[in-house]
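Biologist: I'm new to reading structures. Could you walk me through one?

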Amino acid sequence: MIWHNAQKRKRLEAAEKAAKKVLNDIDLNNLSFSELALAFLYLGEGSKRNSETAIGSSDPKILKFFLAGLKNIYDIDISKIRSELYLRADQNPKKIRNYWSKTLNIPLNNFRQINIDKRTKGTKTYSYYKGVCNLRCGNVAIQRKLMSLAELFCEK
């Protein structure tokens with residue numbers, strides 16, 4: 001068991017070293033590259049059914065990247081982003097709303113709706129799980145551009 005853990009750690013370190021090399025070869029200040037990365041994130045995680053630019057995730061890193069992209073690439077005022085939360089029955093809505101507001105630097109009054117999944121009643125939620133936060137900027141033009149960019153890149 002100790003040998004396997006050591007081997008896994010070595011593989012993880014090698015993967016991180018390779019990832020750092022890739023990042024060192026990229027101009028992270030290039031807005032076109034950032035927009036392409038945002039397009040792929042949107043292709044995988046973004047809302048496609050509604051005519052607006054929206055994304056939902058339980059991972060703060062994904063939502064922070066999405067917000068940074070909207071701000072830096074499209075000059076969207078982050079304080080105007082609307083949000084909904086999707087929580088489990090045993091979660092405290094006020095506490096979780098405060099968590100997401102602080103984590104994403106979005107005003108509390110931008111959280112319009114909190115949905116509780118009644119199917120989860122009676123089951124315990126892991127302490128690290130803060131529900132799903134859905135962010136909406138409402139701008140369908142951004143959604144269309146991101147989807148087109150990702151799809152056209154995949155075709156090339």
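Modeller: Let's begin with angles: axes are lines fitted to C-alpha atoms, for helices over the stretch in contact, and angles run from 0 to 180 degrees between N-to-C directions. Helices (H or I, at least four residues) and strands (E, at least two) are DSSP runs, numbered from the N terminus. Here α2 and α5 (residues 140-155) pack at an angle of about 95 degrees, and their axes are 8 Å apart. This is a predicted model, where local features need pLDDT of at least 70, side-chain atom pairs count only at pLDDT 80 or more, and totals for chains, interfaces and linings use all residues. Residues are numbered from 1 along each chain as its sequence is written, and side-chain values use heavy atoms, with hydrogens and water left out.

Biologist: How are α2 and α5 oriented to each other?

Modeller: Angles of 65 to 115 degrees count as roughly perpendicular (under 35 is roughly parallel, over 145 roughly antiparallel, the rest oblique). So α2 and α5 are roughly perpendicular. Contact means heavy atoms within 4.5 Å, and L36, F40 and Y42 of α2 are among the residues making it, with L146 and F153 among those of α5.

Biologist: Is T53 buried or exposed?

Modeller: Buried means under 20% relative accessible area, exposed over 50%, partly exposed in between (1.4 Å probe, protein chains only). T53 has 0%, so it's buried. You'll find T53 in the loop between α2 (31-45) and β1 (54-57).

Biologist: What does T53 touch?

Modeller: Leaving aside neighbours within four places in sequence, its contacts include Y42, F66, L135 and Q143.
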